[in-house]
There are 4 protein chains.
Amino acid sequence: MARKKSEKKRQKIISSATKLFAKNGYFCTSMSEIADMAEMSVGSLYVYFKSKDDLLIEIFRNYFDELMGEVEEIFTETEQHPLDKLFDGLSLVVNKLSTDKDMAKVFLVELRQSNKALQSIAPEIRKKYEDLITNLIDEAKNKNLVRKNIDPELIGLSTFGLIESILFDWVNKGYTKKKLLRKLEKAANYFIQGIRKN
Amino acid sequence: MARKKSEKKRQKIISSATKLFAKNGYFCTSMSEIADMAEMSVGSLYVYFKSKDDLLIEIFRNYFDELMGEVEEIFTETEQHPLDKLFDGLSLVVNKLSTDKDMAKVFLVELRQSNKALQSIAPEIRKKYEDLITNLIDEAKNKNLVRKNIDPELIGLSTFGLIESILFDWVNKGYTKKKLLRKLEKAANYFIQGIRKN
Amino acid sequence: MARKKSEKKRQKIISSATKLFAKNGYFCTSMSEIADMAEMSVGSLYVYFKSKDDLLIEIFRNYFDELMGEVEEIFTETEQHPLDKLFDGLSLVVNKLSTDKDMAKVFLVELRQSNKALQSIAPEIRKKYEDLITNLIDEAKNKNLVRKNIDPELIGLSTFGLIESILFDWVNKGYTKKKLLRKLEKAANYFIQGIRKN
Amino acid sequence: MARKKSEKKRQKIISSATKLFAKNGYFCTSMSEIADMAEMSVGSLYVYFKSKDDLLIEIFRNYFDELMGEVEEIFTETEQHPLDKLFDGLSLVVNKLSTDKDMAKVFLVELRQSNKALQSIAPEIRKKYEDLITNLIDEAKNKNLVRKNIDPELIGLSTFGLIESILFDWVNKGYTKKKLLRKLEKAANYFIQGIRKN
DNA sequence: TATGAATGAGGTTTCATTCAT
DNA sequence: GATGAATGAAACCTCATTCAT
């Protein structure tokens, strides 16, 4: 029970920090602001996280471990057409990030920082994503479902860019989630059409 | 002559700052580091730029005004197939940014900041790019050269994302410029294939 | 208990700052000098006061609220001759300021600054003083105890000037408190004689 | 002729500086602001004045040497009643300062600074004034025109305070010069009544 | 576990003054 | 005489982190 209460506090810190990082950026957010929003003392933050960097890292770690797990599930289900699975994967990522605009913002902005804290985690997330895509495209190539000369790594990169740019647009313009998803689907289709073997 | 010397100093500040912003990020670069690298005093930085923010803004403003000008030239040349012009435009952007990896890095990272300094300039650059693409795609639609239902704004977004993700990969992995361009061309082709009317 | 300790520190900052402002003036006193004299770190000053301006304001605010309160008490005691109350009021002010020469100095010098910090507080203090005098002189007029045509506001101004110039002399020449009070009383008498109805 | 042109520049610097010191205070006025207002370069200021302090000192020196000279003239004219001469002297000072509100402001504010630059000049001006008054009152005492026990030095102090407080009021409230003079005359009369032998 | 006062290093910026032109 | 770019010391202030309670 004590464990539970403690976990609740951790989550409150994470959600407060995410909100503030989204609004003002990592560097323009102070620990005391986070403490204020989380309704606890600065000292308490350091009970749960060993540094400000650490807090940022943990925000990403949990979230993207889970997210990538879900993508993997989709990709390893064997029955579907690989390009449909690709489509579903992209939708899933955007769908999930669209439920927490603050997280989406932080993901888009902070994951590019040269910030030391993230020099470990950011490439890790990208790598995981690219590996999943690469495997999927390899599968598609083996089944002869995509054009020749398709570079699987490049598909990873491109789709990551697609996700990012469309989320970025949504985050800044603030339209409905539904519209966001329709946009993603359309753009994904342009792209998938470009690599599908007819 | 004094004017010329003065302009030389300005450029030295800009290149030093760009290098450091690329390496450590805007917030983790101090004015005194910039002064050191530019081989002048901190006070001198403030002779040429009225604040650190201002310095960052000017770095972007000059560079992207020129770059977008060049893209516009390509797009408004009338004789080519619009999708070829699109291809050429993407190549141009990546080509140019590939000559200055520091600038590329700064472009990729800092243009997403919620940093107040950039809240004006970043959207401006994106907007200019999107407008150029939108006009081009509209032209292509009028000439019936792309599939129905193509959303011009979405093409802007997607290609921006494409450029970013491929540059980002290059910046981090550091392969040759030639390889970078080949990647961009390939990815651009996937995408353009996806929207071209056959 | 923590509260008490905290209040002690505040007071130490205030007294150190007052001493230094008196000696070198507000602008020629740095926060780090204040910190040194108060035997704490610069950062600590900002725990108690949100800016250097704020520190100066608080020095005045507390002191003069109390002082004006005491003057008011004298003036609203009903039994005495109003001009005697005026005399007592002037004595009180000088008496009190003579117990803290640093405060007197700061009062004389800084309250005239065009310093933004004080643009709110300085007129407030003067106004409070003038209002008290005005009421008192109005009372005297109603009781027919002063000459006709006496301008109450002018009495406020003049006596304020009297207090200031005599304190200023004392602060610079540094004679005994007793002598200071005698001077004030004499000068006050000259003035009061000039307005009293015989 | 060159001499004349040079003197004109000096005067332009002085008037610009006075204006800015009046508005923002000595410490909140920068040399480059003064240069801007005087329509010349910073370097030129240093051709005419050896430092910022020096500039402030010279502003006072010229002005008050002249002013005190005029007061002296009045006081040494032998035919008038000394207390009338006192009255005329006070009027003269206020009259003159009322023609240049900026100078009045600077006089009121900066002459109290503990500013090193002024530690020489400020007491000098006060001393000169007090000496003139002391001589005058001594004359009056000899002629048996004032009450016994009048302290000449105290009259100097008090009237200086009177002048200051009334000018201060005018400077802040900004009424007409005529009204200012009437106020001064009234207040002077209260005071002179208080010391005159009936 | 929880607190928040205390720290001190480091940030950006200002500015009086100098000096080569 | 006139200029204004260059300087560098010093200013105010912030903030991640610690630690005694």
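Me: How can chain D be laid on chain C, what turn and what shift?
Reply: A turn of 180° and a shift of 0.0 Å along the axis put chain D on chain C with an RMSD of 0.1 Å. The two copies are thus related as by a two-fold rotation axis. The superposition is by least squares on the C-alpha atoms of residues with pLDDT of at least 70 in both copies.

Me: Is that pLDDT from a predicted or an experimental model, and what's the numbering?
Reply: A predicted model: local features need pLDDT of at least 70, side-chain atom pairs count only at pLDDT 80 or more, and totals for chains, interfaces and linings use all residues. Residues are numbered from 1 along each chain as its sequence is written, with chains lettered from A and ligands numbered from 1 in the order in which they are written.

Me: OK, how many residues of chain D are in contact with chain C?
Reply: 29 residues of chain D, with 29 residues of chain C; in contact means C-beta atoms, placed from the backbone, within 7 Å.

Me: Which helix of chain D gives the most to that side?
Reply: α8(D), with ten residues. Helices here are DSSP runs of H or I, at least four residues, numbered from the N terminus.

Me: Why say the copies meet through the same surface?
Reply: Because 100% of the interface residues of chain D are also interface residues in chain C.

Me: Switching over, which elements of chain A touch chain B?
Reply: 29 residues of chain A contact 29 of chain B. α1 (2–24), α6 (101–110), α8 (152–173) and α9 (177–195) of chain A each supply at least two residues to that side.

Notes
Two residues are in contact if their C-beta atoms, placed from the backbone, lie within 7 Å.
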